[in-house]
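Dear colleague,

I am handing over the structure we spoke about, and below it you will find what came out of going through it. Please read the notes with the model open beside you.

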Amino acid sequence: MDRVTWRTQVLSNHLHRPAASSALTANPCLGYSPPELTEPFEFDTKEMRKLLDHHHLEERDWLFGLMRQSKLFNPKEAGDGRVFVSPDYNQSMEQQREMTMKRIEYLLDRGVFKGWLTDKGVEAELRKFALLEVSGIYDHSLSVKLGVHFFLWGGAILFFGTKRHHDKWLRDTENYAIKGCFAMTELGHGSNVRGIETVTTYDSKTGEFVINTPCESAQKYWIGGAANHATHTIVFSQLNISGTDQGVHAFIAQIRDENGNICPNIRIADCGHKIGLNGVDNGRIWFDNMRIPRENLLNSVADVTAEGQYLSAIKDPYQRFAAFLAPLTSGRVTIATSAIYSAKISLAIAIRYSLTRRAFSLTPNGPEVLLLDYPSHQHRLLPLLAKTYAMTFAANHLKTIYVGRTPESSKIIHVVSSAFKATLTWHNMRTLQECREACGGQGLKTENRIGNLKGEFDVQSTFEGDNNVLMQQVSKALHAEFITAQKKNQPFKALGLEHMNKPSPVIPPHLTSSTLQSIEFQMDAFCLRERDLLNRFALEVSQRQKQGESKEYSVLLSYQLAEDLGRAFSDRTILQTVIDVEATVPAGSLKNVLAMLRTMYALICLEEDVTFLRYGYLSTDNVTAVRKEVSSLCRELRPHALALVSSFGIPDAFLSPIAFNWIGSNSWSSVQHHLKI
């Protein structure tokens, strides 16, 4: 049969198909029904929100309200009359930058930043964190711009400076009389801050420091605020005194005058358009023999006398460098928490959409099935939801230890913030991608937020420390604890490694559902993995050293175990924070749901990390049992999905049209409405 005859026969069969005994009938048009009508809440979502947001709920809601009230935040009415606020990403880069500054001025006038640098104490710091998190729910550019000004520029003055700097700069920073930026990163050096090439010398004749960019790779790069708005910057530079390199130090330099003109002996260029964060004016800076007063050295760690004598109570240059970087932990803290709020936005949108969007029917004339009633869709979103809950509690724990920091806690804060910054930002990007796909074509629309959030938050994987580098730092810190305990023949006392002092956990050969759901089994599995990987890592490094390799190179060659160990530490620490939160909740429906989330978090980690199978922590039969339990947990969590995302406390206006009446927002009447505006 030739192709023409065959094609004619196929078409004929379609046109003259005989009547079937169970003929399909046309379904009536789809309609939107709010999921709240059919998805009852079985626990108190307000109490759950208290656990999630952790602090300053009233202040958060106040700031949400301020942003909803102003046209500066780009309110847009959807077809069903609901109003949403989100940045207009169709604006040019220049327009987005100016809108970011206008929003900051609006919030400044309403007292949002009051006390961000001048108030002291835990309460003041937590309020600042809360309001920064809310600003990031609206727009990552807004929160990054605030973070650079208050946490980096302001934080450097606060922590690196002394009273003379505090008195001169903090209040003017808080009031935006000056606009600060933070010039650490260079074209040739990002994570390796110790290797930066900017050089500063001291001129004892004039009592001035002289800052120079000696080569193109030393230009300051990605400096948020430098391209347009910043008037001052913190310059990180090698300090050379009388021919002796004293290492990296921080200086205050003015880069623009009060009229916005670039100061002499400075060149500034724009970094240009980016895949996201175009509301932040990233710039590049070159210094050409720029002179600043001696007093502009931030001198909490080291100082230079008028005669040019270098003074520091910390003689070891490595310890001095560590002291300079320790206060910068706040950047990793804010990044970790903002990543989790981004994941919450995408999950709230995708899960609400999946509770009203239908696709395919199981019987010829039956109703189409809700997306979230498909087991595969549940497995795509609900484990990510459980992880987001777990990581929210972890981020709250990180904030708590940060605001209560002491000199003795600096190591644990550095290690935990490094681990959580990497883990939580990786989780956010994975969640955004899965939620984008789970929303189908609607996920591509700018108004539905998720696609844009991918571009806005992608940078988090590399700024304030490349995630892979941070995880290697975590493993090196664990290795150092291991070596110390071994050499001194002492028990482990730090970084949560106390479990190493106990006998190695034994995993049962057959895992039942009740065992898999038990805290004891979950923590045993996580601790077994961490202790074995730490032992393997230490042994491999030791063997390489015996073969003649340096300690540093031996650690680099053992990168695979280092990556696995960093993940094991992070997962175990996160699980402990979930257990601690669960323990504070009295028996009842809320505690039951938290137990389900904790088990889902633990088991999805077991299922996804191949080290459990690679090194034999779990048998193949046990891995199969874990997989089956995850599917069962998806079914158990399904009735709570709406309540769980509602507990996030994100106002409707900060989500998107497809989270609500996606039919009405795409109706012809909505087209006519927008044409009239």
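How much space lies in the largest cavity? Before the answer, please keep in mind that this is a predicted model. The space in the largest cavity comes to about 90 Å³, and the structure holds four cavities of 30 Å³ or more.

The lining of that largest cavity is made up of Met101, Ile104, Lys145, Val148, His149, Tyr176, Lys179, Gly180, Gly224, Gly225, His229 and Ala230. Two elements, helix H4 (93-109) and helix H6 (140-160), each give two or more residues to this lining, and H6 gives the most, with three residues. Sorted by class, the lining residues of the largest cavity are five nonpolar, five polar and two charged.

The second largest cavity contains about 50 Å³ of space, and it is lined by Pro87, Asp88, Tyr89, Gln91, Gln96, Met99, Thr100, Arg103, Asp139 and Gly279. In that lining there are three nonpolar, four polar and three charged residues.

Two packed helices are in general described by the angle between their axes and the distance between the axes. For helix H5 (residues 122-138) and H6, the angle is about 150 degrees and the axes are 6 Å apart. On the H5 side the contact involves Lys128, Phe129, Leu132, Ser135, Gly136 and Tyr138, and on the H6 side these meet His140, Leu142, Ser143, Leu146, Gly147 and Phe151. Taken together, the residues of the contact of H5 with H6 comprise six nonpolar, five polar and one charged.

Finally, a word on the cysteines, since a disulfide is a covalent bond between the sulfur atoms of two cysteines. With a cut-off of 2.5 Å between the sulfur atoms, the count comes to zero disulfides. For cysteine 439, the nearest cysteine sulfur is that of cysteine 435, at 6.6 Å, and cysteine 439 is in no disulfide. Is cysteine 439 buried or exposed? Its relative accessibility is 2%, and cysteine 439 therefore counts as buried, the limit for that class being under 20%. Cysteine 634 is likewise in no disulfide, and the nearest cysteine sulfur to it, again that of cysteine 435, is 14 Å away. Cysteine 634 has a relative accessibility of 3%, so cysteine 634 counts as buried.

With kind regards

Notes:
Residues numbered from 1 in each chain as written. Predicted model: local features only at pLDDT ≥ 70, side-chain atom pairs only at ≥ 80, totals over all residues. Heavy atoms only, no water. 1 Å grid on protein atoms, 1.4 Å probe; cavity = no way out; pocket = protein on both sides within 12 Å on 5 of 7 lines; lining within 4 Å. Points joined across faces, edges and corners; volume = space filled by probe spheres on them. Helix = DSSP H or I, 4+ residues; strand = E, 2+ residues; numbered from the N terminus. Nonpolar A, V, L, I, M, F, W, Y, C, P; charged D, E, K, R; others polar. Axes fitted to C-alpha atoms, helices over the stretch in contact; angles between N-to-C directions. Contact = heavy atoms within 4.5 Å. Buried < 20%, exposed > 50% of the residue type's maximum accessible area, 1.4 Å probe, protein only.
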